[in-house]
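Let's take a walk through this one, starting from the inside and ending out in the loops. Have the coordinates open as you read.

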Amino acid sequence: MTDNAVAPRTATPLTLLGTGAMGTALARAWLAAGHEVTVWNRTPARAQALATEGAVVARSAAEAVAANRLVIVCLLDDASVGDALDGAALAGRDLVNLTTGTPGEGRTRAAWAEARGARFLDGGIMAVPPMIGVAGSGGYVLYSGSPELFEEHRDTFAVPAATRYVGADPGFAALYDVALLSAMNGMFAGMLHAFALVRPEDIAPKDFAPLLADWLTAMAPAVHQTAGRLESGDYTRNVVSSLAMQAAGVPTFLRTAEEQHVSPELLAPYLELMQRRVAQGHGEEDGTGMIGLLDLRRGA
């Protein structure tokens, strides 16, 4: 299920625990859309700015939870969520946890909330604060857990950012979140290595940047090709650049880094996996099979 950011037909009152940069952005989006918002923050002074914009500042997390049925949490980590909600009456509440965590933490927190009489959704925010409340920004929030809770409040959730419901398993939002961020970090690692290679030379970063951005964009369809090969189990069909061919370039990558006085540490783990897969006799594949080397359950 996917929604674009829209104003709800009925402005549901809600509580928001956590007014850091992201929490403040969320609160402002809901306030601007006409919602009654009660906020709480461990450091009260950090919530006061929202009071001037119409938010009600609660003296405690328990008081904030008692104010509204819909309770949204955006704190530092799962331990902070447990600390904030300790002693709060959750029976009959709709608890939505937008705190970054692991899939296991999402599942455990769901069981914890349900044992206390609350419906539960876990969430992963795929945006930075300046994207919140901005139509067309590209930001969205992943949700997983109670489908009934999501359906009832989906208009409210769609106010600060578009929504994507990814399943009833409460761990899925965190899993999607971390998987997407992991891919992003891998791209950033390659980008930094590329800039490090050219930096010692008379090459302006702003002149190199368009080439790098265009090249990464051109490689993006590999995402869909990899998905297709994983679905079929055939890692050799329509391979244009085999793993053996790619691995043959490893010494050049490493020598170039050495010549440019650049550490290969951002690139080396990937190159090592490539060489290991080829050594196992899979040089005719593309890189999809390297995923098996990462699966610790299979002892690969």
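This is a predicted model: local features need pLDDT of at least 70, side-chain atom pairs count only at pLDDT 80 or more; totals for chains, interfaces and linings use all residues.

Residues are numbered from 1 along each chain as its sequence is written, and side-chain values use heavy atoms, leaving out hydrogens and water.

Start with the largest nonpolar core, which has 31 residues. By nonpolar core we mean a set of buried Ala, Val, Leu, Ile, Met, Phe, Trp, Tyr and Cys residues joined through side-chain atoms within 4.5 Å; buried is under 20% relative accessible area, exposed is over 50%, and partly exposed is in between, with a 1.4 Å probe and protein chains only. L26, V96, I125, I132 and Y143 have the most contacts inside this core. Elements giving it two or more residues include strand 7 (119-126), strand 8 (140-145) and helix 1 (21-32); helices (H or I, at least four residues) and strands (E, at least two) are DSSP runs, numbered from the N terminus. Helix 1 supplies the largest share, 7 residues.

Now zoom in on L26. Beyond its neighbours within four places in sequence, L26 is in contact (heavy atoms within 4.5 Å) with L16, C74, L98, I125, I132 and P160. Another core, of 19 residues, lies apart from the largest one, and V65, A88, L90 and A110 are among its members.

Out in the loops, N238 sits between helix 9 (222-232) and helix 10 (243-248). N238 isn't a glycine, yet its phi is positive, about 55°, and the residue is exposed at 64% relative accessible area. H261, in the loop between helix 11 (250-259) and helix 12 (268-279), has a positive phi of about 60° without being a glycine. H261 is exposed too, with a relative accessible area of 75%.
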